[in-house]
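Please keep the sequence and the 3D view at hand as you read.

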Amino acid sequence: SIKEPIPGLILSNTFRTGIIGLSKTLASELAPYNILINTIAPGRIGTDRVKHLDQVNADKQGIDIKMVEEQMKAQIPLKRYG
């Protein structure tokens, strides 16, 4: 969601982009002091929230949740949730 907002994820879209902006600002401001700032933006992690979102998506499409999970995993290079 830091590259493109994801429908239905208003909080994640808001906070992730805010954290990236904060990190970039800190990186620029602290670089003269030889302080390095790194940011990790993990992709889809297998949490209860993700399972809920997959179920909502499955219900909307009228398909089994496993099919939604496979659709999502197909978009991930490792083909699995973190």
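Helices (H or I, at least four residues) and strands (E, at least two) are DSSP runs, numbered from the N terminus. With that in place, Ile2 can be located in the segment before α1. This is a predicted model, in which local features need pLDDT of at least 70 and side-chain atom pairs count only at pLDDT 80 or more, while totals for chains, interfaces and linings use all residues. Residues are numbered from 1 along each chain as its sequence is written, and side-chain values use heavy atoms, with hydrogens and water left out.

Contact here means heavy atoms within 4.5 Å. Leaving out residues up to four places away in sequence, Ile2 touches Arg16, Thr17, Ile20 and Ala41. For accessibility, buried means under 20% relative accessible area, exposed over 50%, and partly exposed in between (1.4 Å probe, protein chains only). Ile2 is partly exposed, with a relative accessible area of 35%.

Now to the loop between α1 (10–30) and α2, where Thr39 has its place. Thr39 is partly exposed at a relative accessible area of 36%, and touches Ile20 and Ser23 when residues up to four places away in sequence are not counted. Ile37 is also found in the loop between α1 and α2, and counts as partly exposed at 26% relative accessibility. Not counting residues up to four places away in sequence, Ile37 touches Ser23, Leu26, Ala27 and Leu30.

| Pair | Separation in sequence | C-alpha to C-alpha distance |
|---|---|---|
| Ile2 and Arg16 | 14 residues | 6.0 Å |
| Ile37 and Lys24 | 13 residues | 7.8 Å |
| Thr39 and Leu22 | 17 residues | 9.9 Å |

**Backbone angles to look at**

Most residues other than glycine have a negative phi. Asn34, however, has a positive phi, near 65°. Asn34 lies in the loop between α1 and α2 and is exposed, with a relative accessible area of 74%. Lys79 also has a positive phi, near 60°, and is placed in the segment after α3.

**How α2 and α3 pack**

How do the axes of helix α2 and helix α3 cross? The axes of α2 (residues 48–61) and α3 (residues 65–74) come within 8 Å and cross at roughly 110°. Axes are lines fitted to C-alpha atoms, for helices over the stretch in contact, and angles run from 0 to 180 degrees between N-to-C directions. Angles of 65 to 115 degrees count as roughly perpendicular, and α2 and α3 are therefore roughly perpendicular to each other.

On the α2 side, Lys51, Asp54, Gln55, Asn57, Ala58 and Gln61 meet Ile65, Val68, Glu69, Gln71 and Met72 in α3. The residues of this contact divide into four nonpolar, four polar and three charged. In this grouping, Ala, Val, Leu, Ile, Met, Phe, Trp, Tyr, Cys and Pro count as nonpolar, Asp, Glu, Lys and Arg as charged, and the others, Gly among them, as polar.

**The largest nonpolar core**

A nonpolar core is a set of buried Ala, Val, Leu, Ile, Met, Phe, Trp, Tyr and Cys residues joined through side-chain atoms within 4.5 Å. Seven residues make up the largest one: Val50, Ala58, Ile65, Val68, Met72, Ile76 and Tyr81. Both α2 and α3 supply at least two residues each, and the largest share, three residues, comes from α3. Apart from its neighbours within four places in sequence, Ile76 is in contact with Arg44 and Tyr81.

Conventions. Angles under 35 degrees count as roughly parallel, over 145 as roughly antiparallel, 65 to 115 as roughly perpendicular and the rest as oblique.
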